[in-house]
Amino acid sequence: MPPLSLTPDELLSTTRSVRKRLNLERPVERRVVEECLTLAQQAPCASNQQNWHFIVVTDEAKRAALADLFRRGREIYMKLPSSIYQRASTSGDRQIANGRVLQSIDYLAEHLHQVPVHVIPCIEGRTESQAVVMQSAKWGSIGPAVWSFMLAARSRGLGTCWTSNHLFFEEEAAQVLGIPYATVMQTALIPVAYTLGTDFKPASRAPLDTMVHWDEW
């Protein structure tokens, strides 16, 4: 498939978290994933330290193992007060929107093992005991690279989303993938698949003045 004809603004405003519209039947070519990762390498990073690693998981048994950890982690996440499952009890439009998101999350949890590619972004060093400034440097390095990967994927007709439920069992995932847990931190699990259709639209968002603060809170 040739790249989609999207302007930069269209690409930035239509790269959605895709769960229910992932094509579980169509393989994703290694060449296409590598093109996206090559673009991700160009992302800016803190202190110009590209101590990132991306594990691309296509092995069926390993994808199944990761999906199992994801589902186990989701059971924990569902009970957290801050989770969308708990926030879904709010009323009005927000409740409707949360309900749609919950349906898509539940769908992904059920079918994650069928998604043809899982990408695990990792970064050298762990942040559990570090000051916020050091945590910021770590996440500020890997985050832009992952977003660049997701944008590159969208431009090629692929869908992605940032998930993290498997990180409740990060050490078990490290064992599945041979990651040196003591020195390398997993940051997400990105499902990757061609999308069912490519006509994604900008999402509804709150007015800018509800989240932007000039000069003070």
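Predicted model: local features only at pLDDT ≥ 70, side-chain atom pairs only at ≥ 80, totals over all residues.

I took the Arg-31 contact next. Arg-31 bridges to Glu-35, with the closest N and O atoms 3.0 Å apart. Both residues sit in helix α2, which covers residues 30–40. They are four residues apart, about one turn of the helix.

Then I followed Glu-35 to Arg-156. Their side chains form a salt bridge at 2.9 Å, N to O. Where do the two partners lie? Glu-35 is in helix α2, while Arg-156 is in the loop between α6 (132–155) and β3 (158–160). The pair therefore ties together parts that are 121 residues apart in sequence.

I checked each member. Arg-31 has 49% relative accessibility, so I logged it as partly exposed. Glu-35 comes out at 29% and is also partly exposed. Is Arg-156 buried or exposed? Arg-156 counts as buried because its relative accessibility is 17%, and the cut-off for buried is under 20%.

I moved on to Glu-172 and Arg-72. Their side chains meet in a salt bridge at 3.2 Å, N to O. This pair links distant parts of the chain, 100 residues apart. Glu-172 belongs to helix α7 (residues 170–177), and Arg-72 belongs to helix α3 (residues 60–77).

Glu-172 is partly exposed at 33%. Arg-72 is partly exposed as well, with a relative accessible area of 32%.

How many salt bridges does a search of the whole structure find? It finds nine. The bridges I wrote up are among them: Arg-31 with Glu-35, Glu-35 with Arg-156, and Glu-172 with Arg-72.

I left the charges and searched for patches. Leu-208, Met-211, Val-212 and Trp-214 make a nonpolar surface patch of about 510 Å². I picked out one of these residues, Trp-214. Trp-214 is found in the segment after β5 (190–194). Its relative accessible area is 73%, so I logged Trp-214 as exposed; the cut-off for exposed is over 50%.

Definitions and conventions:
Residues numbered from 1 in each chain as written. Heavy atoms only, no water. Salt bridge = Lys/Arg side-chain N within 4 Å of Asp/Glu carboxyl O. Helix = DSSP H or I, 4+ residues; strand = E, 2+ residues; numbered from the N terminus. Buried < 20%, exposed > 50% of the residue type's maximum accessible area, 1.4 Å probe, protein only. Patch = residues over 30% accessible without salt bridge, like charges linked within 9 Å, V, L, I, M, F, W, Y side chains within 5 Å. Areas by Shrake-Rupley, 256 points an atom, 1.4 Å probe, with all protein chains shown as cover.
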